[in-house]
Amino acid sequence: MSPLSEIRKYLESAAQSSLDDIYAIDPQSWELVGVLVDGAEASVAEHPLEDLLQALREQPVRTLLDAVPLEQPMVDISHELHDINRYFGEFRLLLLGRGRGRVLLVMRDSRAFSRHILHVLNEGANLSALISNAPGVVYQAHMSRDGVIGFLYLSDACKPLLGEDAEVLIANPDIFLSLIDEEDRGAYEKNVSQSAHNLSVLNWTGRFWMQAWQDTKWINLRASPRKMPDGTVVWEGIMTNITQSRREQQAIRQSHEKLARLSAQMAQIKEKERLRIAQEVHDDLGGNLTAIRLGLSSIIKRLEPEQAALLAKVRQLEAIVDDTFEATHRIASDLRPNVLELGIVAALEWQAAQFVEKIGIPCDFVCNQPELTVSTDHAITLFRICQEAMSNIAKYAQASHVEVTLEASTDDIVMQVIDDGVGIAPVDRLKANAFGISGMAERAVALAGQCKVQACGQGGTIVTVTLPVQPVNIAVAE
């Protein structure tokens, strides 16, 4: 007999059966006061119904029951309760009596679900074809009261997907568990347990090792649970093979990681080249300008008073040399600020002071330590990100105050640049020409950190940089 035929036979039998049990519950104390099984009175102690009583004590249920007029002798509240919690779909509930003498009769009705499924089986002539052509394995799973999980039904796609016949997995549910990768098995059991406890949709993805094919598959399980009258839980759902899409996602992620490492490496190379150029500007160009300055001074001393025109020309050249000296110093400082040699705390404090002097906007610097020792890469990264953030504030923020904070803990270094300006819109972070923001993020990623640019709740923008204390080596995968 096929699995579908077995299910049909069981449902037909259940649909014709009478109501299983009837329970009388005091709606004031929520205690079970009477039980009828097959029309005969039974022991209350043997029917605790803890799950049902707990569900009835929930506030939405209490609110509904309290709203029933005291003078109404009988009210069927099954439908209303089912709208609140689908768990009550397994029962029919009648509220009988008047005043405080009312009793809530709860009748288990196993026929309701069975009749619904029979309607689908009888009216949906193409149900078998639908299951056969589903993009995965259609299954029905069951969890007993003691937590043992097994399969009641697996469609014919079981063998191609899992490498095992449906009958084998139904007879030996432990085989299914053994197929799950050891690293993912705990997450699977946790998700199933939570789904059973909360009656929430099971949506889990994990790796399955296929011994016959010596390969790993990524499989997604999605199923809806329902609680049965005997306290067990049943799921109906589908298993689908998502290996291809998962591998594509991994390839994209690896590509992004490689690009990030490459960008980080380029940033480090750029900093080294800046240092080299700064040294050459200082040593070579600075030396030549010094020689020119000394030569002009010597010429001035040798000129006679009557050579006033020539003297004025030489002094003009001397002023040009002095301006060139200043420009050379500024260029070298921009390429590699000498203040970094004094430490990151002094460098950021200097940068805040320069911002106030050049832009005219008040800027405070706060650090939780008077001195902070970091690697050269850390210092350059923090300095450059702060420099870029302040440049953006000067261009776009329309701020009236800026604050730079630096905090260090055992594991992380956190820098924040906060302004009270117009704030950054989410779309601004996605613009194709937002090179400054992407550059800050890439610098942070280079040291296994992160940089976030967010709008403040009260207006303005906050740039947060988090770097690990221990430096990391950036290497591009071949």
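I looked up Glu-236 and found it partly exposed, with a relative accessible area of 29%; here buried means under 20% relative accessible area, exposed over 50%, and partly exposed in between (1.4 Å probe, protein chains only). The model is predicted: local features need pLDDT of at least 70, side-chain atom pairs count only at pLDDT 80 or more, and totals for chains, interfaces and linings use all residues. Residues are numbered from 1 along each chain as its sequence is written, and side-chain values use heavy atoms, with hydrogens and water left out.

I then noted the partner of Glu-236: a salt bridge joins it to Arg-226, with the closest N and O atoms 2.8 Å apart. A salt bridge is taken as a side-chain nitrogen of Lys or Arg within 4 Å of a carboxyl oxygen of Asp or Glu. Arg-226 is buried at 14% relative accessibility.

I counted eight salt bridges by this rule. One of them pairs Arg-207 with Asp-181 at 3.8 Å, N to O. Arg-207 is partly exposed at 22%, and Asp-181 is partly exposed at 23%.

I also recorded the salt bridge of Glu-318 with Arg-293, at 2.3 Å, N to O. Glu-318 is buried at 11% relative accessibility, whereas Arg-293 is partly exposed at 26%. Shared partners join Asp-181, Glu-183, Asp-184 and Arg-207 into one salt-bridge network.

I searched for disulfides (pairs of cysteine sulfur atoms within 2.5 Å) and the count was zero. Cys-451 is buried, with a relative accessible area of 15%, and Cys-456 is partly exposed at 23%.
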